[in-house]
Amino acid sequence: ATVILGQGSNTVGDVRLGSGDDALVWTATASLGGVASGASASAGDVFVRGGNEDGDFQLSEIGVRVMGFELFHKQGPSTWTLFEDKAIDWTVDQGTLAVADTITGTLDTSLGALDAVIRVNPTGTVRRDDGLAAVVLNGGATLDNQGLVETTGGGAAVWTLGSGNHV
């Protein structure tokens, strides 16, 4: 199932996803008065930042107000900026995902992504510590690096797969 917290919506209380691979899409102007919980026994609950309006997301919300999600995605034509340091992987399906602080993990674009852009702001860092790539572009995607992209465990910092990528 997919739950969409749409533009300008207000949800009072919690959103709890049941068993199975579910998704919660949270748009920039949506308000949630409680917590968002994925099912703890699932292996594929997806937390999505999306919509048509740009927004910011404080990564410290994960584990406090956003719990039990295994996958993190960016959808819709908007730009979402991630703030604070966090060890996490994130996939861009559409639009722009910007990093203002430090992500330790991999940011990638999905196959068939629509105008997917990974932007590392001047204050941002995307780092991978185990030899895997910090950024993976899967065809037709863009990396706009204004900060630092690095791998400290050896290997390539950026992998491009398929054609039409822009670095």
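**Strands, sheets and an aromatic cluster**

Biologist: Which residues do ring pairs link into a cluster?

Modeller: In this predicted model, a search of the whole structure finds 6 aromatic pairs. These ring pairs join six-membered and other aromatic side chains of the chain into a cluster made up of W26, F47, F57, F69, F72 and W90.

Biologist: What is the angle between the planes of W26 and F47?

Modeller: The W26 and F47 rings lie 6.1 Å apart, centre to centre. Planes over 60 degrees apart count as edge-to-face. W26 and F47 form such an edge-to-face pair, with an angle between the planes of 80°.

Biologist: How many residues apart are W26 and F47?

Modeller: The pair links distant parts of the chain. W26 belongs to strand β4 (residues 23-27), whereas F47 belongs to strand β7 (residues 46-50), and their separation is 21 residues.

Biologist: Are W26 and F47 buried or exposed?

Modeller: A residue counts as buried when its relative accessible area is under 20%. By that criterion, both W26 and F47 are buried.

Biologist: Which residues does F47 contact, leaving aside its neighbours within four places in sequence?

Modeller: F47 is one of the residues with the most contacts inside the largest nonpolar core. Once the neighbours within four places in sequence are set aside, the contacts of F47 are L24, W26, F57, V66, F69, L71, F72 and H73.

Biologist: Which element supplies the largest share of the largest nonpolar core?

Modeller: This core has 35 residues, and L24, F47, F57, F69, W90 and L107 have the most contacts inside it. Two or more residues come from each of β4, β11 (79-83), β13 (90-99), β15 (107-120) and β17 (135-138). The largest share, 5 residues, comes from β15.

Biologist: In β17, which residue is the bridge partner of D108?

Modeller: Strands β15 and β17 pair in the parallel sense over 2 bridges. Within β17, V135 and L137 point one way while V136 and N138 point the other way, and all are buried. The bridge partner of D108 in β17 is V136.

Biologist: In β20, which residue is the bridge partner of V135?

Modeller: Strand β17 runs parallel to strand β20 (residues 158-161), and 4 bridges join them. In β20, the partner of V135 is V158.

Biologist: Which strands stand at the edges of the open sheet of 4 strands?

Modeller: The order of this sheet is β12-β14-β16-β19, with parallel pairing. Each edge strand has a single partner, so one side of it is left without a neighbour in the sheet; these strands are β12 (86-87) and β19 (148-151).

Biologist: In β9, which residue is the bridge partner of S37?

Modeller: An open sheet of 3 strands has the order β3-β6-β9, with parallel pairing. Its edge strands, β3 (15-16) and β9 (66-67), each pair on one side only. Strand β6 (residues 36-37) and β9 pair over 2 bridges, and the partner of S37 in β9 is M67.

Biologist: What is the radius of gyration of the protein chain?

Modeller: The secondary structure of the chain comes to 0 helices and 20 strands. The globule rule gives 15 Å for 167 residues, and the chain is close to this, so it is as compact as a globular protein of that length; its radius of gyration is 15 Å.

Biologist: What percentage of the residues in the protein chain is buried?

Modeller: The chain exposes about 7,300 Å², of which carbon and sulfur atoms supply 51%. Of its 167 residues, the buried ones make up 49%.

Key. Residues numbered from 1 in each chain as written. Predicted model: local features only at pLDDT ≥ 70, side-chain atom pairs only at ≥ 80, totals over all residues. Heavy atoms only, no water. Phe/Tyr/Trp six-rings, centres within 6.5 Å; stacked < 30°, edge-to-face > 60°. Buried < 20%, exposed > 50% of the residue type's maximum accessible area, 1.4 Å probe, protein only. Pairing = 2+ DSSP bridges. Core = buried A, V, L, I, M, F, W, Y, C linked by side-chain atoms within 4.5 Å. Contact = heavy atoms within 4.5 Å. Rg over C-alpha atoms; globule rule 2.2 N^0.38 Å. Areas by Shrake-Rupley, 256 points an atom, 1.4 Å probe, with all protein chains shown as cover.
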